[in-house]
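The sequence and model come first.

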Amino acid sequence: MEWEAVIGLEVHVQLSTRSKLFSGTSTAFGADPNTQANIYDLAMPGTLPVLNSEALRMAVRFGLAIDAEIGRHSIFDRKNYFYPDLPKGYQTSQLDYPIVGRGSIVINLEDGSEKRIGVTRAHMEEDAGKSLHEEFADGTGIDLNRAGTPLLEIVSDPDLRSAREAVAYLKKMHSIVRYLDISDGDMSQGSMRCDANVSIRRPGAELGTRTEIKNVNSFRFVEKAINFEIRRQQDVLEDGGRIVQETRLYDSVRDETRPMRGKEVANDYRYFPEPDLLPVEIGEDLIEQIRAELPELPDTRKRRFEVEYGLSAYDAGVLTATREMADYFERVAKQCGDAKLAANWVSVELQALLNRENLDMAASPVSADSLADLISRIRDKTISGKIAKTVFEQLAAGSENVDEIIERQGLRQVTDEGEIEKLVDRVIAENAAQAQQFRDGKQQVLGYLVGQAMKFSSGKANPAQVNQLLRDKLKP
Amino acid sequence: MLNLTVTELSAELSRGAISSVELTRACLDRIGALNPQFNSFITICEESALAAADAADVARADGDERPLLGIPLAHKDIFCTRGIRTTCGSRMLQDFQPPYDATVVEKLQQAGTVMLGKTNMDEFAMGSSNETSFFGKVGNPFDTGRVPGGSSGGSAAAVAAGLCPMATGTDTGGSIRQPASFCGITGFKPSYGRVSRWGMIAFASSLDQAGTLTRSAADAALMMQAMAGLDPRDSTSVDRPVEDYTGELGSSLAGLRVGVPRPHFAKGLSPGVEKGVRAALAELERAGASLIDIDLPNNHLSVPAYYVVAPAEASANLSRYDGVRYGYRCEDPADLEDLYTRTRSEGFGDEVKRRILVGTYALSAGYYDAYYRKAQRIRRLIRQDFISAFEQVDVIAGPTSPHVAFPHGAKADPVEMYLEDIFTIAVNLAGLPGISIPAGFEEGMPFGLQIIGPDFGEARILNVAHQFQQLTDWHKRLPVSTAGES
């Protein structure tokens, strides 16, 4: 009998404000330990929080982007627990009145279909510092640079049914926060973190007992951790056991999840409203102002690409996955005037290059303008599609100007009738047997003869012209 | 000179009869002579005080006429002072030197005052007798065998004993008004949000408010003028104009409606205090006010509600004292758990631990609704009682405390101690301004009349208090221990 997985994700997104959620300290990544911690971040006595209004606007921007209710009267709470990298002994978070209420996002699955996933809520909270256990021989180091960095914790409904759906959700989340410019969403640096709640059940049955997997820091690990956990739960249930509700950690080295020690989870956080901050009242004016500033979001842009550029749903989905790629594509398409060629070059050649070099779109060695020039040269028949790939490789290697590359290396396509005729005559002369076969009706030999012509011309002859002339000359 | 009010000293300085250095020197001498007896000060800042006094004299010679220029004062040791240790009366912060000034400290410094030192207090402001201080108990200047009240007991005793003409305090449940009552001086607690809490070490954030301890309401007005105002660093400070407190002192009391809360005259009030307070109310009546009996139906719930809300907030506010970044740390901790346990067991006194435990319990899963949520509901009812009352009256007046100062060690039972604040606590829960002014003596010990105003009615209650002090001389009666010196 089949099992069905039921998955919900809690995603922590680090908001890309210049300063911390409740203090003026910089949030820049990579500074020396404890150089970005002021007296509030250190929880010195008598210091008080002041809410960063930019973080608030970013949270509202996110809420509007997922069509969520915005908390008009949002309240911060203290979440109490002791840990050395939590200076105040409580984390300022939101419990009952989050800034963002119920909303939803649409995920794109690999078969091209879409699925709407509910978002339960999203709330603002401050990050903790870092405990450095490995760097010190006989102790633990505390780095409070990260303490107080603004986070948006986004909780999904348990609407996801497989690890792949979970990854598609995360990727969409990543795309949305980057489109909104509220986070860099970089999982490797912890700007986007994910906890997964996983349970399994027989289709149609009541929800099973869930476990929570913490500490998953890449798309790939999310998929692996959830798949491991689903298999583990199946094994337990099929052996007649039962699932214990617990928090588990994913170990990427051993590719398994393990229960956290009891002590690390048995916390009563004793939430209560933060008396140092007033409730945040959000008026219609502010909401409308933020709504007016919203950029075009991935789903809208995808639909527009389908209509405006005649792209397939799949291509439009790939090209709008990130704002950078969509921007790049549009620039190329507009400048070269051929959206389908542009889509092809961006999603195939350029993407392959970026994957190979492990680069972001922003760091692409081939600029959108260069790629547009290249495609224009294909369209005006200056070069063939094949030669274009050679030129593209040279652009990737650092050359800048398409026309210069073509001229310098003599890559311009040969279209002169006289030149082509000479070439064709040479091919016929040197391949008399094959030429005779074609005359005798063996059509498939033509490809060989065209290939010879291309070879003699170092790929520069216009293949269509060669083809036509060969046919003319070998007419029976 | 040491028995003069700030208003009088300001005039003396202005006409050049004395210099700030002379005045400051006299205060320091007196502190040197009498502090061993009262234990009012935890830290004395002789050198910086004389330097500040000198600077004030120079400024005055240049024509600077600010009213508080060159006036010495003491800060309750709950206000952070840059580079000067700030202990909050606790072993936990025994050697803590903040790298910043509290807003209150900064503002009074900008007003030209001279800081003499930091005054003793109940540990983390938790207490009503100043007996929980790690730095020892404080003697009441009227009888050193008795308590000065708390938690601002050091400030109250210092002002009463003439060690300084004015001092800051904080009031979470009566911590300015009750010691003022016990020490025969004027103690003023503004509305919540009127004075910045930035740099003031938190006990219960939604109740804590800074205020003044002085020898007259007019002096309180002068201090408040310098202290009040919006502070962008404190999100709970209010953005509304500061009234002209001194300018409004002279208004007549004719037509003033004074609410007299029946619950404040119920059993438990000592006969001498009741008689004196009724006489004081009669004095207001003679000045043109009318007395109107009012009910505050939920007043009896204020102490229990307070002892849930305040400890709950305190339990979180005091979590930062963990031995990791600053403050007391136990010797050779074996591991993290040991570091936390011993640092906090050794660094905090019994009353602080008791309140952390009570607060932690009140917020725990399964108890939150029964305690914290219910207490917050009661708090709203208490505030509503006052709002309703202020529809009929302009101010509310009654006793500050049920009796006069008691001997050291007399209240060993914590609950008995908590009941000390039965008349003052509701004012904090409602966020209102209140003042205690001397209104008489019983057994040779002073007691106060409390006047409560509506939200941001600071100017109004200062005016009523000042008018009362124009008609009476209770506030001029000095303790025997200091009388005769000048």
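In this predicted model, helix H16 of chain A, residues 463-473, has four residues that count as buried: A:Gln465, A:Val466, A:Leu469 and A:Leu470. These residues lie on the same side of H16(A), because the arc they cover around the axis is only 130 degrees. An α-helix has 3.6 residues a turn, so residues three or four places apart point the same way. A:Ala464 and A:Asp472 sit on the other side of H16(A) and are exposed. The packing partners of the buried residues of H16(A) are two helices of chain A, H13 (417-430) and H15 (445-456).

Chain A also contains an open sheet of eight strands with mixed pairing, in the order E5-E6-E9-E1-E10-E11-E12-E13. Its edge strands, E5 and E13, each pair on one side only. On average, and with direction ignored, neighbouring strands of the sheet are turned by 30 degrees against each other.

Within the sheet, E11(A) and E12(A) run parallel and are joined by three bridges. One of the residues involved is A:Glu212, whose bridge partner in E12(A) is A:Thr247. Helix H1 of chain A, residues 53-65, lies across E5, E6 and E9 of chain A, and runs at about 165 degrees to E6(A).

| E5(A) | residues 103-108 |

Technical notes:
Residues are numbered from 1 along each chain as its sequence is written. Chains are lettered from A and ligands numbered from 1 in the order in which they are written. This is a predicted model: local features need pLDDT of at least 70, side-chain atom pairs count only at pLDDT 80 or more; totals for chains, interfaces and linings use all residues. A residue is buried if 20 or more other C-beta atoms lie within 10 Å of its own, exposed if 12 or fewer, and partly exposed in between; C-beta atoms are placed from the backbone. The arc is that of the directions from the helix axis to the C-beta atoms. Two residues are in contact if their C-beta atoms, placed from the backbone, lie within 7 Å. Two strands pair if DSSP finds at least two bridges between them. Axes are lines fitted to C-alpha atoms, for helices over the stretch in contact, and angles run from 0 to 180 degrees between N-to-C directions.
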